Amino acid sequence: MTGTVLDQIIVGVRADLEERRARTSLADLELRIQNRPPALDVLQRMREPGLSVISEVKRSSPSKGALATIDDPAALAARYEQGGASAISVLTEKHRFNGSLADLDAVRERVSIPVLRKDFVVDEYQVWEARAHGADLVLLIVAALDDSQLARLHRLVVDLGMTPLVEVHTEEEARRAADLGAELVGVNNRNLKTLEVDLGQFGRLVGLLGDETVKVAESGILSPADAALVHGQGADVVLVGEALVRHGNPTEAIREMVAAAGTR
């Protein structure tokens, strides 16, 4: 298969999407949404002083392979919540990340804080699906979308009461997110096309984001020192997966990151 890693992942995502669409109609999703409570707001909490943490339920990754055996994602999410996480990120892509919508369902049932559906969203059906399964936030990766797709998906996420987390990893993508008016923007220190990580990426791009934007540093946050570094550069939030799932005590790991960051 040719193309970047991102291109290859999206091919699988689209195939899986069509299988789910064949099983569950959009009308079925809309009915499920009607029976759900409204999505939770996360932005107010993330605008408070100090560092917020989005803690990730993550079994595998394309760059590292298997990271952790997570038999009970809901129990792990509960430990994250106990540690003071502001939100839980749940991978729902199955081929490279070994995630599922069942994981999202389990976590949503267990925790009272907002839950992010982290996937490669390229179709409106996935946004409806996210809300039907209880997501409060949806990841939108700028590198995977053209301007029209990004605007359409962003609008639908907001219309369904959720919060879009708009992810960028280049100057051009940061400008596109700013032009979109995104309130929550994540700078991914991992290049999704090469999988290389550069922790300095956040510091280089954060100045391109508006003062009112809630800024998230993603990937490469492996220690309290890393969390303190990006917080000092302007991160309101860190999204952390690998460091937590590999830590013997993820509850304490979150507390250590928040404490190390202090209050900018």
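Modeller: Rings of Phe, Tyr and Trp, with the six-membered ring used for Trp, are taken as a pair if their centres lie within 6.5 Å. Please keep in mind that this is a predicted model.

Colleague: OK, how many aromatic pairs does the structure hold?

Modeller: The structure holds 1 aromatic pair. The ring centres of phenylalanine 97 and phenylalanine 120 are 5.9 Å apart and the planes stand at 35°, so the pair is tilted.

Colleague: And where do phenylalanine 97 and phenylalanine 120 lie?

Modeller: Phenylalanine 97 is in the loop between strand 4 (87–91) and helix 5 (101–110), while phenylalanine 120 is in the loop between strand 5 (115–118) and helix 6 (124–132), so the pair ties together parts that are 23 residues apart in sequence.

Colleague: Are those two phenylalanines buried or exposed?

Modeller: Both phenylalanine 97 and phenylalanine 120 are buried.

Colleague: Switching to the core, which residues have the most contacts inside the largest nonpolar one?

Modeller: Those are Tyr80, Ile88 and Met162, in a core of 88 residues. Helix 1 (residues 5–23) supplies the largest share of this core, with 6 residues. Leaving aside residues up to four places away in sequence, methionine 162 touches several others, among them Ala39, Val127, Arg131 and Val157.

Colleague: What about leucine 160, which residues does it touch?

Modeller: With the same exclusion of residues up to four places away in sequence, leucine 160 touches Val127, Trp128 and Arg131. Leucine 160 sits in the loop between helix 7 (147–159) and strand 7 (163–168), and its relative accessible area is 18%, so leucine 160 is buried.

Key:
Residues numbered from 1 in each chain as written. Predicted model: local features only at pLDDT ≥ 70, side-chain atom pairs only at ≥ 80, totals over all residues. Heavy atoms only, no water. Phe/Tyr/Trp six-rings, centres within 6.5 Å; stacked < 30°, edge-to-face > 60°. Helix = DSSP H or I, 4+ residues; strand = E, 2+ residues; numbered from the N terminus. Buried < 20%, exposed > 50% of the residue type's maximum accessible area, 1.4 Å probe, protein only. Core = buried A, V, L, I, M, F, W, Y, C linked by side-chain atoms within 4.5 Å. Contact = heavy atoms within 4.5 Å.
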